Amino acid sequence: MVNIKTKLDHEPMMMREVLCEVLKDLADRNEKIVVLDSDLAASSGITPFAKAHPGRFINCGIAEANMAGVSAGLSAVGMVPFAHSFGCFASRKTCDQVFLSGCYAKLNLRIIGTDPGVLASYNGGTHMPFEDMSVLRGLAGITLVEPSDSVMLKALINDLADLYGVYYIRLQRKNAFGIYQEGTKFEIGRGMTLREGKDVTLIASGIMVAQALIAADLLQDQGLSARVVDLFTWKPADKDMIVSCAKETGAIVTCENHNIFGGLGSAVCEVLAQHTPVPVEMVGIHDEFGQVGSEDYLRGRYRLNAVDIAAAAIRANGRRSN
């Protein structure tokens, strides 16, 4: 079990600021790092990178599919591209290019999709990607990750600079809840156990990790012991950890800021169905579109809060007992 912070507080730096800082540092040390954007440099916080490395920043305009193709071309000549757009555009508008020019061609792409799920907030339903991970999860060879806080983000971006393949990074732009201690080590494809428990496992990702930790406290007050796992890699999912949690706790709750169809819950259930079937409850978006509102309002509207996770855990544990 990994050591985590004892108190959940919003981090002082926005995730987009951390992203820019890490990319600037990487570019200082590696002349092959290049950043592409779809006319969203201010939103992505990448403007300082553009000023520091103007020759390695490309604004592709509002043409996300073309941006994916340009990224593939840069990869083909040895560059290491990081391309950003809002998650709705980084997935839906780039899918065919990521398939053909990235996965099928076996090139080296990193697509960063920001404002996932309810984090799109006041941008509303058209810009609220509840399906970005499911759109891309079916592409052969792609890796999907969702950093939970800035410590994980820094570690993963540094790792991705040296890895080869096609990666989608699902990223909140603003201040995350701090989960991990500085210096924590992460491995893509391996989950992180944040809290031990014996009655049910809460498997969460992104903004839902903090909610799962709060839910575990609520459940403890009700006499249930909940394990909490951060499954930040949606593909390839950590099969060994999922199976181990199922065998040891007998019930699972998946927690995602995403449609339950094709998302984290689906990925977990695919493993369980093949290896260790147990009761599963899914906390996430139940096949709906987004709408305008604050993050707090939307989490309540779509039942993405700690109380909803706790209620799902009680249901799952009851099914296990039966």
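Which residues do ring pairs link into a cluster?

1. Ring pairs join Y180, F186 and F232 into a cluster; a pair here means rings of Phe, Tyr or Trp (its six-membered ring) whose centres lie within 6.5 Å. Five aromatic pairs are found in a search of the whole structure.

2. The model is predicted, with local features needing pLDDT of at least 70 and side-chain atom pairs counting only at pLDDT 80 or more, while totals for chains, interfaces and linings use all residues. Residues are numbered from 1 along each chain as its sequence is written, and side-chain values use heavy atoms, leaving out hydrogens and water.

3. Helices α10 (residues 239-249) and α11 (residues 264-275) pack with their axes 10 Å apart, at an angle of about 65°. That makes α10 roughly perpendicular to α11 (65 to 115 degrees). In this contact (heavy atoms within 4.5 Å), K239, I242, V243 and A246 of α10 meet V268, V271, L272 and H275 of α11. The contact residues comprise six nonpolar, one polar and one charged.

4. The charged end of R110 is 5.6 Å from the ring centre of F82, and R301 lies over the face of Y302 at 4.7 Å from the ring centre.

5. The peptide bond from K235 to P236 is cis, with omega near -5°, and P236 is in the loop between β10 (233-235) and α10. D39, in the loop between β1 (33-37) and α2 (41-44), has a positive phi near 65°. Most residues other than glycine have a negative phi, and most peptide bonds are trans.

Terms used. Axes are lines fitted to C-alpha atoms, for helices over the stretch in contact, and angles run from 0 to 180 degrees between N-to-C directions. Helices (H or I, at least four residues) and strands (E, at least two) are DSSP runs, numbered from the N terminus. Angles under 35 degrees count as roughly parallel, over 145 as roughly antiparallel, 65 to 115 as roughly perpendicular and the rest as oblique. Ala, Val, Leu, Ile, Met, Phe, Trp, Tyr, Cys and Pro count as nonpolar, Asp, Glu, Lys and Arg as charged, and the others, Gly among them, as polar. Rings of Phe, Tyr and Trp (its six-membered ring) pair if their centres lie within 6.5 Å; planes under 30 degrees apart count as stacked, over 60 as edge-to-face and the rest as tilted. A charge sits over a ring if NZ of Lys or CZ of Arg is within 6 Å of the ring centre and within 35 degrees of the ring normal.
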